[in-house]
Amino acid sequence: MENVNEELYNFSEDEIISIRKSYPKLSLIKKGVWSGELDINAIYNDVQIQDNFTICIVTPIDFPRVLPVVSEVGFRTQEISQKYHVSLKDLHRNDNLSACFCVKQEEKKRFPQGSTFVDFLDNLV
């Protein structure tokens, strides 16, 4: 059986240092997989939103051509869904439980060719 780890992106030491500097609550738990907490500080419909999500990011071997899959694993989206009586789809969660950040057409604007993993986190996540 083929090792799934071989199909994931191998981050360089420079990339790991850059990611840890920008996102100290994330840890590289194995080749191509980051896990940890992500703090959200945004404005939506003129309302300040501050929250924290526990996430897992699986980075495919052909990153950055193919974007990582981000899943919220701390049940925060379920809590929000129940509290505000909103469906999980309305909270931008795909059927496979991964997060949906934007439509495909918007991805190229937010993540142009030459972008880094930190750019992905900054501009899409």
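Residues are numbered from 1 along each chain as its sequence is written, and side-chain values use heavy atoms, with hydrogens and water left out. In this predicted model, local features need pLDDT of at least 70 and side-chain atom pairs count only at pLDDT 80 or more, while totals for chains, interfaces and linings use all residues.

The second largest pocket contains about 430 Å³ of space. A pocket is an open set of points on a 1 Å grid over the protein atoms alone, where a 1.4 Å probe fits, with protein on both sides within 12 Å along at least five of seven lines. Its volume is the space filled by probe spheres set on the points, which are joined across faces, edges and corners. The second largest pocket is lined by 21 residues, and Leu67, Pro68, Lys104, Glu107 and Phe120 are the closest to its centre; a lining residue has an atom within 4 Å of a point. Strand S4 (69-72) and helix H3 (104-110) are the elements that give two or more residues to this lining, and H3 provides the largest share, 3 residues. Helices (H or I, at least four residues) and strands (E, at least two) are DSSP runs, numbered from the N terminus. The lining comprises 14 nonpolar, 3 polar and 4 charged residues, where Ala, Val, Leu, Ile, Met, Phe, Trp, Tyr, Cys and Pro count as nonpolar, Asp, Glu, Lys and Arg as charged, and the others, Gly among them, as polar.

The structure also holds 9 aromatic pairs. Rings of Phe, Tyr and Trp (its six-membered ring) pair if their centres lie within 6.5 Å; planes under 30 degrees apart count as stacked, over 60 as edge-to-face and the rest as tilted. Tyr9 and Phe63 form an edge-to-face pair, with 5.3 Å centre to centre and 75 degrees between the planes. This pair links distant parts of the chain, 54 residues apart: Tyr9 lies in the segment before helix H1 (13-22), and Phe63 in the loop between strand S3 (47-58) and S4. Tyr9 counts as buried because its relative accessibility is 15%, below the limit of 20% relative accessible area (1.4 Å probe, protein chains only; exposed is over 50%, partly exposed in between). Phe63, at 6%, is likewise buried.

Phe111 and Phe120 form another edge-to-face pair, with 6.1 Å centre to centre and 85 degrees between the planes. Phe111 is buried at 8%, as is Phe120 at 1%. Tyr9, Phe11, Trp34, Phe63, Phe111, Phe117 and Phe120 form one aromatic cluster.

Phe63 is also joined to Pro64 by a cis peptide bond, with omega about 10 degrees. Pro64 is placed in the loop between S3 and S4. Most peptide bonds are trans.
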